[in-house]
Amino acid sequence: MTVLEQPGAYRPTPPPAWRPRLDPAPLLPDPEPVRLLGTPAAADLDPGLLTRLYRELVRGRRYNAQATALTKQGRLAVYPSSTGQEACQVAAAMVLEERDWLFPSYRDTLAAVVRGLDPAQALTLLRGDWHNGYDPREYRVAPLCTPLATQLPHAVGLAHAARLKGDDVVALAMVGDGGTSEGDFHEALNFAAVWQAPVVFLVQNNGFAISVPLAKQTAAPSLAHKAVGYGMPGRLVDGNDAAAVHQVLGEAVRRAREGGGPTLVEAVTYRLDAHTNADDATRYRAEEELTAWRAHDPIDLMEAELKGRDLIDEDGMAAAREAAEDMARALRDRMNDDPVLEPMELFEHVYAEKTGQLREQAAQLRAELDAESQEGER
Amino acid sequence: MTTAAVETARKPATMAQALGRALRDAMAEDPAVHVLGEDVGTLGGVFRITDGLAKEFGDHRCTDTPLAEAGILGTAVGMAMYGLRPVVEMQFDAFAYPAFEQLISHVSRMRNRTRGALPMPITVRVPYGGGIGGVEHHSDSSEAYYMATPGLHVVTPATVADAYGMLREAIASDDPVVFLEPKRLYWSKADWSADRPEPVAPIGRAVVRRPATGQGSPVSLITYGPSLPVCMEAAEAARAEGWDLEVVDLRSLVPFDDETVCASVRRTGRALVVHESPGFGGPGGEIAARITERCFHHLEAPVLRVAGFDIPYPPPMVERHHLPGVDRVLDAVARLQWESEWTEGSAD
């Protein structure tokens, strides 16, 4: 049953009056990214949350490593790693309620996994096994989006529709620093602000759009500053500090849910791996830069915090690593099975009903397949 | 009700009115139908198609959006994902180009990429074509671009009754429909009753608007949208030349009705495709190829095309030289007779 077939009366209700924000001061981001871990403010953080974040970070790092290894074995066509950016991925997924929607870009596989997707399912697109391996409505995760920033207006439309329907659903849309240069980024933010749609935009500023550094991407003081021009708050956060990202996104999601409109969050982070396995990052960035960012690793930051507050011991850390290893083993096993694709499915789901043209072409392929199998039997 | 009563209920209505009525009835029937676009609310659209909708249904159902076509269609995708049926208006044909990426990369293939999980019941209304004296970027015929994208239905009404019936069907469709409105026919009139709209053929079916009479040398004119009245006029004029023209209105470019088109060509043995978009790489090439593949042994002459020239749409003062008119159609019909004497001679 599709969404459209669901019974029950839908009575769209007008949203509250759209109001202009006249004072830009509350919209401006803090001058420095928000940090919690390693600061006195961390003392107020919920130990249970920190531990959960830590476990997901460790699992996420392992997931990135395993997926990258699978590309080397030819099991994945391509993998855009989020190694180094796990804090953003984990926090983005964990901050949402079940009824909310996540709109990931192609680099946000891990966020989808943390949201509950089967790790192998999340790799369907990157494996070349159809384009999308899950029902987006089941997990409320939109299909991984390869064109840049084009998923952002979808998030706005969905959030707007949910509000018309009277549902307190929030959409969280993820985009990279390069994506902020696209027209769809601008249009999405503008629509969201004008409509006061319950959307949170998360920009993972990982320093590079493939090879182009941020300085060649934008002249803005920060990407979060862009929010002000649209009339929405911009927040700047340390993207390697999982607790800070969780808190800043959490505030934005709460505000959106309560009718306070959209927020743009820029998480400053770093992609430790290359753009994808097909990229050579040594051509455009220096080893010293990597070294500096390795010293600010999201897992290390969280580990130090947990240890400092006696929230974890060696056994706890070993247990986290073991759980990650189990996930990786299961993923390897799944990916070592050759996928079986039914070629006749090429003609499915192009339209609700096949056109005459597609019926003819399906018959042609059927005949070719039959001839092939007879050839094989001989 | 008596026949006389039905007849009195029918009054002259324009295509624009029928389109507006279709939107209104669809919105009244299904609260999931939302109209969005530039100027569609308070103004009622620059062509007044959406006149009165915001007043009747509220501006949350007929929404004036920011001026951004990609944003309009992109947000419509999200709305469709949440179970709504957005009807978006692209104010003029050439203004739709910023929305192309959303249309091609998402709207057309979301159903396919999610293996049926996310249908896209979006109607994209595009006023298209020339002949209204519009300045640059207000008269393009973009149908070939849309036709080349699998996953989209591409339809265009040419009559008042079709404008209503096809728009209702497009909005009710679970698939995305690019609904091309021939803007120079917006003010064409027919006796039509909004309260008793006549049933029309479903999307995907072509209709023979003027059957061959059997009197004279037969030719099939295959056409659609703004060129239909031109072909109907040409058919009348052709009688004086001893030609018997059958006029087929395609109505739907995707899916394409091979059956009706080929049945006509098999009857007549000659085919002329008429449209105003540029000929090179245009719909006529595809249609001529399909006819040739299926009806070659019935053809007595090559399939000809009368199309707009392969130029950017010209300025209004000279557009009449670009648009295929009755004379150009009749000249092509004459050329289709080029082999007939030889064919008849060799058959003896």
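In chain B, strand E2 (residues 33–37) pairs with strand E3 (residues 62–64) in the parallel sense over 3 bridges; strands count as paired if DSSP finds at least two bridges between them, and strands themselves are DSSP runs (E, at least two residues) numbered from the N terminus. This is a predicted model, where local features need pLDDT of at least 70. Residues are numbered from 1 along each chain as its sequence is written, and chains are lettered from A in the order in which they are written.

Within that pairing, B:Gly37 has B:Asp64 of E3(B) as its bridge partner. E2(B) also runs parallel to strand E4 (residues 85–89) of chain B, joined by 5 bridges, and here B:Val35 sits opposite B:Val87. As for cover, 5 of the 5 residues of E2(B) are buried, that is, under 20% relative accessible area (1.4 Å probe, protein chains only). B:Val33, B:Val35 and B:Gly37 point one way, B:His34 and B:Leu36 the other. In a regular strand, side chains alternate between the two faces of the sheet.

What about strand E11 (residues 243–249) of chain B: how many of its residues are buried? The count is 7 of the 7, so E11(B) is largely enclosed by the rest of the structure. One side carries B:Trp243, B:Leu245, B:Val247 and B:Asp249, and the other B:Asp244, B:Glu246 and B:Val248.

E11(B) pairs with strand E10 (residues 217–223) of chain B in the parallel sense over 7 bridges, while strand E9 (residues 207–210) of chain B runs antiparallel to E11(B) with 3 bridges. B:Val248 turns up in both pairings, standing opposite B:Ile222 and B:Val208.

Definitions and conventions. Predicted model: local features only at pLDDT ≥ 70, side-chain atom pairs only at ≥ 80, totals over all residues. Heavy atoms only, no water. Buried < 20%, exposed > 50% of the residue type's maximum accessible area, 1.4 Å probe, protein only. Helix = DSSP H or I, 4+ residues; strand = E, 2+ residues; numbered from the N terminus.
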